[in-house]
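Hi everyone, thanks for coming along.

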Amino acid sequence: VNYGLDVVTLEHVAKYIKHMGFNHVRMNFAQAMLHNPGQPIRNDSFPPVPNAAMLRANPELQGLSAMEVFDRCVDAITNQGLLVILNHHMFDAAWCCDTIDGNGLWFTDKYSTDDWLNGLTFLAERYKDNPRVVAFDIRNEPRPWVKEGGTSILPWWGLETSILNLFGYQVVDWRRAASRGAVAVWKGNPVANVVIEGNWFASNLAHVTDLPLMLAQGCLQSRVVYSLHEYSWYSTAYLVWSHLAGPFELFGFLRDITVEYGTEAEGRDDVQSTHPFTEQPYDRFADMREEAGFYLQRDDIAPVWVSEFGGMRRGASKWHNNTMRFFKAMDASWCWWPLDPQKIPQDFDPEDPDGQLDLYGLFNPPSRDYRSVVGWKLQDLVDLQAPSPDAPARVSVPPQCTFDPRANEEAANRATGGLEFLLSIHWTVYMALTTAIFVLLVLLRCIALCSCCLCVRTAWLGFTSGLMMWLPTWLRRMFVKDAENYAPLVHP
């Protein structure tokens, strides 16, 4: 259930959003709002609101299901003339996001991929008669699922393989899932826009032109929007991606990614002010964002929407100023995260009656009154709201495209072939050598697993694991002399 309904009326929040100058709202929902695990979605049996206290300022909402309360929220916002983009944020009704929450992919240990797809179709059809519900952000921050004591599942664009199971990793294809998710939305509303977030916490879209969405009709691409997120700690991810020479360098930076994203939200506040990657000069900052995804907008390939960005301190580092400058230069479309001043409302959890503040909130966190705002945040956002002088006065309408559900469902279900994936890579000598040694190590590891001598096998497995982790870094140093200015070799 949307926050704030325990403090102010629904109409109050909707009017405030409009008066602050925004033109759209990204409304997050959880799969748990639609149905319980193992049960189908049924209009007569939606799950209830978790805690009636969350609605105490809106007595007319009492007794409604969580889905029905969400309907009222959508109506209130669109009645103010605002546009709505629905976002499948989580499966469980919980705070997002990290690699151990089990909610980073398009399935969990409770909900299946079909549950996700059916939910998208259901909501697209439910809101298709509301013309201001304009898009569906089909999955929030696709990211690894690190299972305790088991295999870690890694999303990749255009690759699904079990060959890494020997090392405790399973790779699943976000490209195929995104294609299926888009088709699921269009089955419910054929004219809706579909938002595809970048891989690994919405930080990378570099390969979406090498391996496009699998659709039977090319005209449907005009209904696809790509999305990135932008936070101060993402500078590390962008630096990693900009140095990434190819898909086979996964293990070379896996440890760094784990350290960076394993930080809890409280630790991220420190990252904003102290992390060296946040102090990059503007030109480097801008280059990395363009490489990660804004090349799509720059080259007029597809629109890019920053569906989340935010911070808690102004001018604590160069990151804030760089972000404001870059968004203005790109005339970026964006959403501030979050409007709410709290992560967990008061009196929601009996064990934590005070709840938790969200210091990134636009409404003033200490007051929690959903009336006062953080002045400097709104001032900066109003400055970004001004349209670019280069913005076109009129936008051309794409040619008519009649959605073919059967043909597109068949296309989206096709798995990416290994040869197709390899041919999409822009090979270099460095990448070829890395790949060859990688394959050799896999073979040697298989031999070690079959070894009869336990001591030899244990030593050899440890040796090959170490090489897998450090080989890409060593090769980069050998072949790339100026790492800081290293250009990505996969990006066209």
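Let me start with a word we'll need: a residue is called buried when its relative accessible area is under 20%. Please keep in mind, too, that this is a predicted model.

With that word in hand, look at Tyr231 and Trp233. Both of them are buried. For Trp233 the relative accessible area is 7%, and that is why it counts as buried. What is the relative accessibility of Tyr360? For Tyr360 it is 7%, so this residue is buried as well.

Now let's see how these rings sit. Searching the whole structure turns up 20 aromatic pairs. In one of them, the ring centres of Tyr231 and Trp233 are 4.7 Å apart and the planes are at 0 degrees, so we call the pair stacked. Trp233 also pairs with Tyr360: here the centres are 6.2 Å apart and the planes are at 45 degrees, so this pair is tilted. Which parts of the chain does that pair link? Trp233 is in the loop between strand 7 and helix 6, while Tyr360 is in the loop between strand 11 and helix 11, and the two are 127 residues apart. Elsewhere, ring pairs join Phe22, Phe309, Phe327, Trp334 and Trp336 into a cluster.

Let's step back to the whole chain. There are 15 helices and 11 strands, and of the 492 residues, 54% are buried.

Next, the sheet. Strands of a sheet pair through backbone hydrogen bonds, and they can do so either parallel or antiparallel. Here we have an open sheet of 7 strands in the order 1-2-3-6-7-8-9, and the pairing is parallel. At the edges are strand 1 (24–30) and strand 9 (333–336), each pairing on one side only. From one strand to the next, the twist averages 25 degrees. Zoom in on strands 2 and 3: they run parallel and are joined by 4 bridges. Leu86 has Phe136 in strand 3 as its bridge partner.

Last stop, the cores. The largest nonpolar core has 104 residues, and Leu86 and Ile196 have the most contacts inside it. Apart from that one lies another core, of 7 residues, and among them are Tyr231, Trp233, Tyr234 and Tyr360. So we end with the rings we began with.

Terms used: Residues are numbered from 1 along each chain as its sequence is written. This is a predicted model: local features need pLDDT of at least 70, side-chain atom pairs count only at pLDDT 80 or more; totals for chains, interfaces and linings use all residues. Side-chain values use heavy atoms; hydrogens and water are left out. Two strands pair if DSSP finds at least two bridges between them. Axes are lines fitted to C-alpha atoms, for helices over the stretch in contact, and angles run from 0 to 180 degrees between N-to-C directions. Buried means under 20% relative accessible area, exposed over 50%, partly exposed in between (1.4 Å probe, protein chains only). A nonpolar core is a set of buried Ala, Val, Leu, Ile, Met, Phe, Trp, Tyr and Cys residues joined through side-chain atoms within 4.5 Å. Rings of Phe, Tyr and Trp (its six-membered ring) pair if their centres lie within 6.5 Å; planes under 30 degrees apart count as stacked, over 60 as edge-to-face and the rest as tilted.
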